[in-house]
Amino acid sequence: MSHSSKAQIYIDSNRTISSISPLVFSGFLEHMGRAIYEGIYDPASPHADANGLRTDVLAALREINYRSIRYPGGNFLSGYRWLDGVGPRDQRPRRRDLAWQSIETNQFGTNEFIDFCKQINTEPMLGVNLGTGTIQEAADLVEYCNAPAETKFAQLRAEHGYPDPHNVKYWCLGNEMDGPWQIGHLEAEEYGLKAREAAKMMRWHDPDINLILCGSSNAYMPTYPDWDRTALEICWDAVDYHSMHHYANNRDNDTSSFLALAAEFEGYVDTLASVLRYIKAKRRSKHDVYLSWDEWNVWYKATTPSDFRGGWTEAPHLSEEIYNVEDMLVVAQWMNVFLRRADVIKIACVAQSVNVISPLHTTRDGILKHTTYYPIMLFSQLASGAALDVAVKSPRYETPKFGDMPLLDVSASYDETTGKSALFIVNRSQTDSLPVELNWQALSPRAISAVHQISGTDPKAVNSFENPFNIAPVRVAPPVVQDGRAELVLPPLSFTVVETDLA
Ligand code: AHR
């Protein structure tokens, strides 16, 4: 792959797409493998605080600043009895978790999760079990969490040491209920009817909650997108968000196509956005439902049978994917899509947060940030305000799966309250540096405040406990801005963030 010429990016502070929902910078934590036990909660670790939470993990999670965390699953949710995980720890049952064939000790449950969220200043997002769980149990959990301590389940919360309501605002109505692998899988209509009744009862306990409906588990499901249409037609007025899940892979080792996956992500959003528009029109509704991409990540290396089945042990090593440079570039593009489609994507949760398909990896006394940690951190820290509709003129390259694609994948944000703007650029070339001219239209910066860059010459390069900062952001010297123009050279296989103050 060899390319010459130059690219141009035009940034116009007036050309806004929509405000960026901070909840697109959210995470996901499931009772799976070593995500909870040995991940965030590990009383045996030298880094544990008095409650058994890992202080080194808490510090990394504060830095990456997830605005919300979805919990407790995932597939685990569909067999979970929430009452097992509250109350005195020595009375909580050990159970077989059928989803991951693991032993669940229930030493970590709803209240510990809420305490953990407070420690990292994140909004809890709880799921209710619509697999084996009843609509009554779903409503009881809302009472337990959000009602004043005057009735049975809310009083139980007070007895457990929490007199004040937790006020959990975000609630998922089950998980991947379209999937035959799901415990208590339902057909779309059955699910829609159950979710609608659960939603009704949950809102009677607390009318202020936000509800997220299960969409298709991925865009390859034979029932997609009909599942989405059917469930939404039944639940339209009862819900606020519709979920989408997707895990990207480079199983064919076709890196040029893998690096162009934003095309596929956008296609998936386009289809579901159309379904939302169709139902809104059909129902003559004034209500809006937005997308919650509440499981997204690269996941294909750690997918052997032993990555899914824990052999009935506690905290087995499941799906501990190691992320490389090309994965990091796919993650960065995915977040570009969250900005470019900020009009319809209002929640996104990277799956997951620690050890299991995660940007963070722990040993009993150590923590490692994988390559993907850094783009998530940069977006989460620097993208705010509105997404801008940047115009990009880029040389193109050939891919086996998507035909010819632009070498650059770009998004931008502009926060008019602070004047801060950030430009996020992926160079998909595996071989060539690409000069790019930045042109500001309308507001322009006097200077570029910072340029952060992550790159690697080998798409398969990773971080390890021996070489933890092999792939990490570096600050490069900002180019001069003159007459609203600046020029940068983007290395091959790179992700660059340009920070400016627009005046
Ligand atoms: O994140 C791992 C699993 O992937 C989740 O439990 C499930 O929802 C999805 O299939």
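**Pockets, ligand and cavities**

Hi everyone. Let's start with the lining of the largest pocket: sorted by class, this lining holds 10 nonpolar, 9 polar and 5 charged residues. Before I go on, please keep in mind that this is a predicted model.

How much space lies in the largest pocket? The answer is about 480 Å³. Its lining is made of 24 residues, and those closest to the centre are Glu176, Trp181, Asn218, Tyr247 and Trp299.

Now, where does the ligand sit? You'll find the ligand in the largest pocket. There are 13 residues around the ligand, with Glu30, Asn75, Glu176, Tyr247 and Glu295 coming nearest. By class, that shell has 6 nonpolar, 4 polar and 3 charged residues.

Glutamate 176 places a polar side-chain atom 2.7 Å from an oxygen atom of the ligand. For tyrosine 247, the distance from a polar side-chain atom to a ligand oxygen is 2.8 Å. Glutamine 352 also has a polar side-chain atom by a ligand oxygen, at 3.0 Å. As for cover, the ligand taken alone exposes 280 Å², and the protein buries 94% of that.

On to the second largest pocket, with a volume of about 230 Å³. Here 16 residues form the lining, and Gly79, Tyr80, Arg81, Arg95 and Arg96 lie nearest the centre. Strand E5, residues 95-97, supplies the largest share of this lining, 3 residues. The class count for this second pocket is 4 nonpolar, 5 polar and 7 charged.

Finally, the cavities. How many cavities of 30 Å³ or more does a search of the whole structure find? It finds 3. The largest cavity has about 90 Å³ of volume. Of its 13 lining residues, His31, Met32, Gly33, Ser102 and Glu104 are the closest to the centre. Strand E6, residues 102-104, gives the most here, with 3 residues.

The second largest cavity comes to about 50 Å³. By class, it divides into 4 nonpolar, 4 polar and 3 charged.

How values were computed: Residues numbered from 1 in each chain as written. Predicted model: local features only at pLDDT ≥ 70, side-chain atom pairs only at ≥ 80, totals over all residues. Heavy atoms only, no water. 1 Å grid on protein atoms, 1.4 Å probe; cavity = no way out; pocket = protein on both sides within 12 Å on 5 of 7 lines; lining within 4 Å. Points joined across faces, edges and corners; volume = space filled by probe spheres on them. Nonpolar A, V, L, I, M, F, W, Y, C, P; charged D, E, K, R; others polar. Helix = DSSP H or I, 4+ residues; strand = E, 2+ residues; numbered from the N terminus. Near = heavy atom within 4 Å. Polar contact = N/O pair within 3.5 Å; in protein donor to acceptor, adjacent residues only side chain to side chain. Areas by Shrake-Rupley, 256 points an atom, 1.4 Å probe, with all protein chains shown as cover. Sits in = over half its atoms within 2 Å of the grid points.
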